[in-house]
Amino acid sequence: MAKPQSNISQIKDFLAYITTVKGDLSNITAPPSVLSPKSVTEIPGSWAERHELFLLPPQERDPARRALLVLKNYLCSLKRQTYTAASEGSDGGAKKPLNAFLGELFLGTFQGNDGSETRLISEQVSHHPPVTACVMYNEQHGISSSGYIAQETSFSPTSGIKVKQIGHSILRDERHRESHLMTFPTMAIKGLLSGNPYPELEGTCYICSSSGYLATIKFQGKNSLGMGAKNSVNARITNIRDRGRAVFEVNGQWSSRLTTRACSGSSSANEILEEFAVDDIPLAELHVKPPEEQSPWESRRAWAAVTSGIAEGSLGQIGDAKSAIEEAQREMREAESAAGIEWPTVFFRRSPSSSSQPRHQEFELLAQIIPDTDKEGAALLRPERTAGVWRFVGVGPAERLLRDGSHYHSPVEPTTRIGEEL
């Protein structure tokens, strides 16, 4: 079914507007037709929502196959992560998520088939630049994933909208005392002028495993002439400790079907080990408290009026509800600046630096196996572009904070105006 002309007109008006904006576009407001009812803080949950797959690495004895399982979960997380209009009844097109405000929290749990629980904590730790930090941990299986990401959004008539994702995530497998460093691709939004936006991923990403395996992931989509397949990916796992011998290769479309093969040099060279559709891997339900039971700082309660406006297509309601948060947040930042204080984050802390640059020893050790040709882009921390280097406070402190969660930043709320009684 063709999209209503009003939606296409709104998109064209939106594109005309962003061509006048200089610098990063991450904090601009899009029309209702291209807005997702989800906040940026919800997106990291995609890393664990194929939940049984997320839990598999600690159960695998072979380190090469553990690296393959980590890669498989990475690839299978991309569709839900990039197609942010994942709510029921959506047309599946790419939508712009809501810009998170500083201090915004998204909290939930995934239940394993064995009764274990994976906790999800996502927090907006910086607004300029916008940075989201997230952790997922399952104590019973001894697996966790934590990291942070900044998004830099730009637009040009030739390349369209591009979202550069700066940051990393580290998956830790406590049973095998193993870590896997993951870097992120650049996202490009295609099809805006036709009114049928969809995402493409670009560039080369890496998963660096402490066991000595390196996954090199190359993304490619349709070119400007329409050649090639949408959402294409080629990923190869090599054994750095065995002169870079290729072990496994995964090819296909990260939004559709993928094929895993054993590489030459093994007893099963070129054998197809698995063919699967991403959508056939079960999604686990993320359990989140009803909005009325959440803290005012939790995402779905804070944005309830905005998401209602998106559902109704009411630009006025969206604008009024967003302005109430945005104006209050602006006043808070001005007051903090005048007082010379920083916003107190809850679940993540900025790493102190002993020199001019913050350090992250685990990141630096794992990143050493990235090829020299990509060292400059992929193997460096970018604290000046991520408002620092962010670390999770730890499971014990986090669980204590969660038990007393009704008091996050109390008595201040996201819409508290300076001068109101606190």
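Residues are numbered from 1 along each chain as its sequence is written, and side-chain values use heavy atoms, with hydrogens and water left out. Because the model is predicted, local features need pLDDT of at least 70 and side-chain atom pairs count only at pLDDT 80 or more, while totals for chains, interfaces and linings use all residues.

The structure holds 16 salt bridges, a salt bridge being a side-chain nitrogen of Lys or Arg within 4 Å of a carboxyl oxygen of Asp or Glu. One of them joins Arg-119 to Glu-399, with the closest N and O atoms 3.0 Å apart. Helices (H or I, at least four residues) and strands (E, at least two) are DSSP runs, numbered from the N terminus. Arg-119 is buried at 19% relative accessibility, and Glu-399 is buried at 17%. Here buried means under 20% relative accessible area, exposed means over 50%, and partly exposed lies in between (1.4 Å probe, protein chains only).

A salt bridge also forms between Arg-236 and Glu-249, whose closest N and O atoms are 3.1 Å apart. This pair links distant parts of the chain, with Arg-236 in strand E12 (residues 232-239) and Glu-249 in strand E13 (residues 245-253), 13 residues apart. Arg-236 is partly exposed, with a relative accessible area of 36%, whereas Glu-249 is buried, with a value of 18%.

In the salt bridge between Arg-417 and Glu-331, the N to O distance is 2.6 Å. Arg-417 is in the segment after H9 and Glu-331 is in helix H6 (residues 315-339), 86 residues apart, and the pair links distant parts of the chain. Arg-417 is partly exposed at 30% relative accessibility, and Glu-331 is partly exposed at 22%. Through salt bridges that share partners, Glu-327, Glu-331 and Arg-417 are joined into one network.

A search of the whole structure finds eight aromatic pairs. Rings of Phe, Tyr and Trp (its six-membered ring) pair if their centres lie within 6.5 Å; planes under 30 degrees apart count as stacked, over 60 as edge-to-face and the rest as tilted. Trp-47 and Phe-184 form a tilted pair, 5.9 Å centre to centre with 40° between the planes. Trp-47 lies in the loop between strand E1 (35-39) and helix H2 (51-54), and Phe-184 in the loop between strand E8 (178-182) and strand E9 (186-190), 137 residues apart. Both Trp-47 and Phe-184 are buried.

The ring centres of Trp-297 and Trp-343 are 5.2 Å apart and their planes are at 45°, so this pair is tilted. Trp-297 is in the loop between strand E16 (286-287) and helix H4 (299-302), while Trp-343 is in the loop between H6 and strand E17 (348-350), 46 residues apart. Trp-297 and Trp-343 are both buried. Ring pairs link Phe-101, Trp-297, Trp-303 and Trp-343 into a cluster.

Helix H3 (residues 63-82) has 20 residues and reaches 29 Å from its first C-alpha to its last, close to the 28 Å expected at 1.5 Å a residue. The expected span is 1.5 Å times one less than the number of residues in the helix. H3 is mostly covered, with 16 of its 20 residues buried.

Ser-255 lies in the loop between E13 and strand E14 (257-262) and is buried at 11% relative accessibility. Apart from neighbours within four places in sequence, Ser-255 is in contact with Lys-79, Tyr-83 and Asn-231, contact meaning heavy atoms within 4.5 Å.
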